[in-house]
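Subject: A structure for you to explore

Hi there,

Here is the structure I promised to pass on. Have a look at it first, and then read on for what turned up.

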Amino acid sequence: MGKHRIKREKQTISAMMAIYCRDHHDTDNALCETCDQLLDYAHRRLDTCPFQEKKPACNYCTVHCYSKDMRLRVQDVMRYAGPRMLFRHPILSLYHMLDKTREVPELSKPGK
C-alpha cells in the first residue's frame, strides 16, 4: 500500500505551519525553531499513524496520537491557518475537506 495519504497530510500540515509561523512569528521562508519542532512532531506522528492510508481527519480520529499539549498547539495552528489555506493552497484544502467525510476506521485489537 502506498504512502500517498500520509505524504499529502504532511504537505497540508507543513503549509498550515508556514502560514501560521509567517503571520505569528514574522518569518519569511523558514519556520522559527518552535514551529519547526512542532512540525517535526506532527510528521513523526503521521509516520506512526496506525491507520496510514485509511487515516481519517485527526479531529475525527478515535486514537489520539498527540500529547495533550502538542494537540492544543496544533489545533491553534489549524484554527488560524485552516481558513487561509483555501486561498493559498486550494487543492490541499479540498482534499482536507474530503478527508473529513472519510469513515473513521476502528483500530483492530491484537489477536483479532
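A residue is called buried when its relative accessible area is under 20%, and exposed when that figure is over 50%, with partly exposed in between. Please keep in mind that this is a predicted model.

Asp99 sits in helix α4, and its relative accessibility is 4%, so Asp99 counts as buried. What do the side chains of Asp99 and Arg5 form together? They are joined by a polar contact of 2.9 Å. The side chain of Asp99 also has a polar contact with that of Arg8, at 2.8 Å. If we set aside neighbours within four places in sequence, Asp99 is in contact with Arg5, Arg8, Glu9 and Ala57.

Now look from the other end of that first pair. Arg5 belongs to helix α1. Is Arg5 buried or exposed? Its relative accessibility is 1%, so it counts as buried. Leaving out neighbours within four places in sequence, the residues in contact with Arg5 include Gln52, Glu53, Lys55 and Pro56, and also Ala57, Asp99 and Arg102.

Next, helix α2, which covers residues 33-47.

Not counting residues up to four places away in sequence, Cys35 touches Met17, Tyr20, Cys21 and His25. The C-alpha atoms of Cys35 and Arg22 are separated by 10.0 Å, and the two residues are 13 apart along the chain.

From Gln11 to Phe87 is 76 residues in sequence and 16 Å in space, C-alpha to C-alpha. Ser108 lies in the segment after α4 and counts as exposed because its relative accessibility is 62%.

Finally, the empty space. Rolling a probe the size of a water molecule over the atoms shows where such space is left. The largest pocket holds about 640 Å³. How many residues line the largest pocket? There are 30, and those nearest its centre are Ala57, Cys58, Asn59, Met78 and His96. Helices α1, α2, α3 and α4 (90-99) each give at least two residues to the lining, and α3 has the largest share, with 8 residues. Sorted by class, the lining of this pocket has 18 nonpolar, 7 polar and 5 charged residues.

Enjoy exploring, and send me any questions you have!

Best wishes

Terms used. Residues are numbered from 1 along each chain as its sequence is written. This is a predicted model: local features need pLDDT of at least 70, side-chain atom pairs count only at pLDDT 80 or more; totals for chains, interfaces and linings use all residues. Side-chain values use heavy atoms; hydrogens and water are left out. Helices (H or I, at least four residues) and strands (E, at least two) are DSSP runs, numbered from the N terminus. The expected span of a helix is 1.5 Å times one less than its number of residues. On a 1 Å grid over the protein atoms alone, a cavity is a set of points where a 1.4 Å probe fits but cannot get out, and a pocket is an open set with protein on both sides within 12 Å along at least five of seven lines; lining residues have an atom within 4 Å of a point. Grid points are joined across faces, edges and corners, and a volume is the space filled by probe spheres set on the points. Ala, Val, Leu, Ile, Met, Phe, Trp, Tyr, Cys and Pro count as nonpolar, Asp, Glu, Lys and Arg as charged, and the others, Gly among them, as polar. Buried means under 20% relative accessible area, exposed over 50%, partly exposed in between (1.4 Å probe, protein chains only). Contact means heavy atoms within 4.5 Å. A polar contact is a pair of N or O atoms within 3.5 Å; within protein, one must be able to donate a hydrogen and the other to accept it, and residues adjacent in sequence count only if both atoms are side-chain atoms.
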